[in-house]
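Please read the following briefing alongside the sequence and the coordinates shown below. The notes are grouped by topic, and each term is given with its cut-offs where it comes up.

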Amino acid sequence: MALVRERDGRRLHVKSRLMGESLVSKSFIDGLEIAPQQRLFPDVNILKIGGQSICDRGARAIPGIIKRSSKIKRNTRCF
């Protein structure tokens, strides 16, 4: 990979196809070759519950969390 220095001489960049592109541009993303995605552990599901969300809403948050997590548990295998 080639390194490119800006005209002012301060910044150094790696010259690549990503240089000067917006990484959220739909047309740019569609033009990239992306490797196929594969789950490392296809049988594993992770449920993470953020404490801050519970603290902000207090006791009102608990019934919704239990309802949602039990619905997920019924639809998946647990280990």
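Which helix gives the most to the lining of the second largest pocket? That helix is helix 3 (residues 61-75), which contributes six residues to the lining. The model is predicted, so local features need pLDDT of at least 70 and side-chain atom pairs count only at pLDDT 80 or more, while totals for chains, interfaces and linings use all residues. Residues are numbered from 1 along each chain as its sequence is written, and side-chain values use heavy atoms, with hydrogens and water left out. Helices (H or I, at least four residues) and strands (E, at least two) are DSSP runs, numbered from the N terminus.

**Second largest pocket**
- The second largest pocket holds about 150 Å³ of space, where a pocket is an open set of points on a 1 Å grid over the protein atoms alone, at which a 1.4 Å probe fits, with protein on both sides within 12 Å along at least five of seven lines.
- Its volume is the space filled by probe spheres set on the points, which are joined across faces, edges and corners.
- The lining divides into five nonpolar, two polar and four charged residues, with Ala, Val, Leu, Ile, Met, Phe, Trp, Tyr, Cys and Pro counted as nonpolar, Asp, Glu, Lys and Arg as charged, and the others, Gly among them, as polar.

**Helix 3**
- Helix 3 is hardly covered, with one buried residue among its 15; buried means under 20% relative accessible area, exposed over 50% and partly exposed in between (1.4 Å probe, protein chains only).

- Lys26 forms a salt bridge with Asp30, their closest N and O atoms being 3.6 Å apart, and both lie in helix 1 (residues 26-30), four residues apart, about one turn of the helix.
- Lys26 counts as exposed at 62% relative accessibility, and Asp30 counts as exposed at 53%.

- Ala2, in the segment before strand 1 (3-5), is partly exposed with a relative accessible area of 41%.
- Leaving aside neighbours within four places in sequence, Ala2 is in contact (heavy atoms within 4.5 Å) with His13, Val14 and Lys15.
- Met19 lies in the loop between strand 2 (12-14) and helix 1, and counts as partly exposed at 39% relative accessibility.

Definitions and conventions:
1 Å grid on protein atoms, 1.4 Å probe; cavity = no way out; pocket = protein on both sides within 12 Å on 5 of 7 lines; lining within 4 Å. Salt bridge = Lys/Arg side-chain N within 4 Å of Asp/Glu carboxyl O.
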